[in-house]
Amino acid sequence: MRTDDPAQPDLAEIWAVVHAVYAGFLSGDTTAGDAGMDPEVTLWDSEAEPLVRGRAGLAALRAARPGPAPGAVAVVAVEALDPLLDVEGDVALLRHRLLVRTTDGAVEHVRNTSAWRRRGGRWLMLHNHEDVVRRVGAG
């Protein structure tokens, strides 16, 4: 089944996790978003070259990132758009776009693809791949 209808239950559940991940990134509280990821999730992060393996690997990546320097450009908003979901039984594939806004007024346009598996009645992210298509504006 393919859907872009946010009222469709599978898309609504997965889309809620996606939004929790970005809200946690912005607030610094990653707990809710991480709970929607399989413990062995893999990720291609747009700012890190190696494949991130598992929640522990994601925590290590976050810890290795430098803290904000005074006056440095920072992300102030992440808007997830245009979800398209395919579901086959307990496996799903989500594609969507992101607009990432920074303090210097720039907007990054990002493509995102994620794979999901339903376990114990809930959807968990198995893999996420994001890549920056272009950056528009300052910077």
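Ground rule for accessibility before I start: I call a residue buried under 20% relative accessible area, exposed over 50%, and partly exposed in between (1.4 Å probe, protein chains only). Bookkeeping: this is a predicted model, so local features need pLDDT of at least 70 and side-chain atom pairs count only at pLDDT 80 or more, while totals for chains, interfaces and linings use all residues. Residues are numbered from 1 along each chain as its sequence is written, and side-chain values use heavy atoms, with hydrogens and water left out.

**Entry 1: salt bridges**

I counted a salt bridge wherever a side-chain nitrogen of Lys or Arg sits within 4 Å of a carboxyl oxygen of Asp or Glu. That gave me eleven salt bridges.

I looked up Asp 34 and Arg 62, whose side chains form a salt bridge at 2.8 Å, N to O. Asp 34 is in helix α2 (residues 31-35) and Arg 62 in helix α3 (residues 54-64), so this pair ties together parts 28 residues apart in sequence. For the elements I used DSSP runs numbered from the N terminus: helices are H or I with at least four residues, strands are E with at least two. Asp 34 is buried at 16% relative accessible area, while Arg 62 comes out partly exposed at 27%.

Next I checked Asp 82 and Arg 97, which meet in a salt bridge at 2.6 Å, N to O. Asp 82 belongs to strand β4 and Arg 97 to strand β5 (residues 91-102), 15 residues apart. Both are partly exposed: Asp 82 at 49% and Arg 97 at 35%. I also noted a network in which salt bridges with shared partners join Arg 2, Asp 86 and Arg 95.

Arg 2 counts as exposed, at 57% relative accessibility.

**Entry 2: the nonpolar core**

Which residues touch the most other members of the largest nonpolar core? My core rule takes buried Ala, Val, Leu, Ile, Met, Phe, Trp, Tyr and Cys residues joined through side-chain atoms within 4.5 Å. The largest core has 26 residues, and Ile 14, Val 18, Leu 94 and Trp 116 touch the most other members. Elements giving two or more residues include α1 (9-27), β2 (37-44), β6 (107-119) and β7 (122-136). The largest share, seven residues, comes from α1.

I then followed Val 18, taking contact as heavy atoms within 4.5 Å. Leaving out residues up to four places away in sequence, Val 18 touches Ala 80, Leu 94, His 96 and Trp 116.
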